[in-house]
Each structure stands twice: as structure tokens, then as C-alpha cells.
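Look at the sequence and the fold together.

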Amino acid sequence: MSDRDVKSEVTDKYSLRGRVFHKLRDDILNGKYKENEELREAAVGEEMGVSRTPVREAFRQLELEGLLQIVPNKGAYVTGITVKDVKDIYAIRSLLEGLCARWATENISREQMEEMEENIYLSEFHAGKGHAQQLAELDNQFHDILYAASNSKMLEHVLREFHEYVLRVRRKTLSDDARGVQSNAEHRQIMEAIRQRDADLAEQLANAHIRKAYRNMVKSGLYEAYEETESADGKQAEQEN
């Protein structure tokens, strides 16, 4: 089996290797495993009811994604997503989302445009009702529609990966109702630019939308969220000692 085949099987959600990889990846991104925490093949395998082989292969793939560091003769340690990583992700994502919106103006189908319109309509409805959870879900769906409309599986894959990387911290900083309303208004502007086939404007609006989202994340407690985690880890360590 080639390296490409191994990677494909490891990242396939339906294979045994894939299930182990995605479970570990989700646990790291959701904060179950903390930064610098050691992961042991035997312990993870026992917890998941699998042998050490799929765990070892998942570790290698997680190292390639920058979520794990394997130190020879020592062990595997969680790297996770740091505050700087979040900042970098949003800087890169703002450029890629702009490109995505540009390509969407060229490739969006009538059905996708209708999905986008319905998404914004539902978002406005739930914003009026103060339904924060539904707004967050619809926000995710809007970007999913936009990614698909770009008609680029490579761009869609990268943007979805970035989105997953920051999902945990987004959940902690999306409680600002005013931002939810403003975000949907920005979605509507992007949609109208795409409808008018104005690629330049769509790109500018999508780029600015992600930059505003990052600024709001900082304002709503990005650094505090990480400080709380570090503080909790410190207290736990003191109790264990």
C-alpha cells in the first residue's frame, strides 16, 4: 500500500483507521486533550477498543496536520490550536473566503442561490427571536453553501479544515447577539454581490467579513477563553500534586 493509500484510509471516516483518526482529531480540537499532554498508543487503543496499529497511523496523520508532535524515544504530545494559530487561520481564511466568493460568482447554480437566500431569510427570522444556537448553525450553513458554490473541491476542503480547527473557540465567543445580526447582514451583502456577478465586490466583502469575525472573536473573549483553559489546567496540576 502506498503512502497516499495509507493517508486516504486514515482520513476516511468509515474505515477503522479513519474512525480512530477523526475521534482523536475531534477530541483534540474540542479540548479533551490539553496542549503538551502526552497521548499513549496503548491507552488510546484500549479506550477505543482497537489495536495499536490504527492508533499509531492516526498519530502520524495528526502530526502532519500539526495537532500532535511525536518525539522519538519519548512519546506523542498534543500541540493543539494556539491563540496564534487562530489568528493565522483567520488571516489566511479571509483571503481564501474572498477567493471562494469570487469563484462562486462564476459557478453558483440556481439551486445554490436559492439555498443561500433561504439561509439568510431563516437567519433574519431567528435573529428576531433571539435564537443564538440556530443563528450559529445557519452561519455555518451559509459558508458551506458558499464553499460548494466555488466549484473547487480543493478550496472547499481547505476552508472546511480551517473551520473545524477553530470551532471550539468559536463556540465560546459567539454569544454576541449584535454580531449575529451584523454577520447575517454581511452574508446578505455577499449574496447580492454574487447575484449581480460582481466578483470584485464579492471578494472584498467576504474578505472583510472574516476579518470582522476575528475582531469580534477577540472582543468577545478569545484570549480569555485560552487563559481560562490554562488556569484550569494549572489548578488541576496543583490538586494532583
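**From the sheet to the core**

Strand S2 and strand S3 (residues 75–78) pair in the antiparallel sense over four bridges. Strands and helices here are DSSP runs numbered from the N terminus (strands E, at least two residues; helices H or I, at least four), and two strands pair if DSSP finds at least two bridges between them. The model is predicted: local features need pLDDT of at least 70, side-chain atom pairs count only at pLDDT 80 or more, and totals for chains, interfaces and linings use all residues. Residues are numbered from 1 along each chain as its sequence is written, and side-chain values use heavy atoms, with hydrogens and water left out.

Isoleucine 70 has alanine 76, in S3, as its bridge partner. The open sheet has three strands in the order S1-S3-S2, with antiparallel pairing. Strand S1 (38–39) and strand S2 (68–71) are its edge strands, each pairing on one side only.

Which residues touch the most other members of the largest nonpolar core? They are Leu24, Phe59, Leu68 and Val86, out of 29 residues. Such a core is a set of buried Ala, Val, Leu, Ile, Met, Phe, Trp, Tyr and Cys residues joined through side-chain atoms within 4.5 Å; buried means under 20% relative accessible area, with a 1.4 Å probe and protein chains only. Helix H2 gives the largest share of this core, five residues. The core lies between domain 1 (16–78) and domain 2 (83–225), because both give residues to it; the domain bounds come from an automatic or database domain assignment.

Histidine 143 is found in helix H7 (residues 132–149). Histidine 143 counts as buried because its relative accessibility is 3%.

Conventions
Buried < 20%, exposed > 50% of the residue type's maximum accessible area, 1.4 Å probe, protein only.
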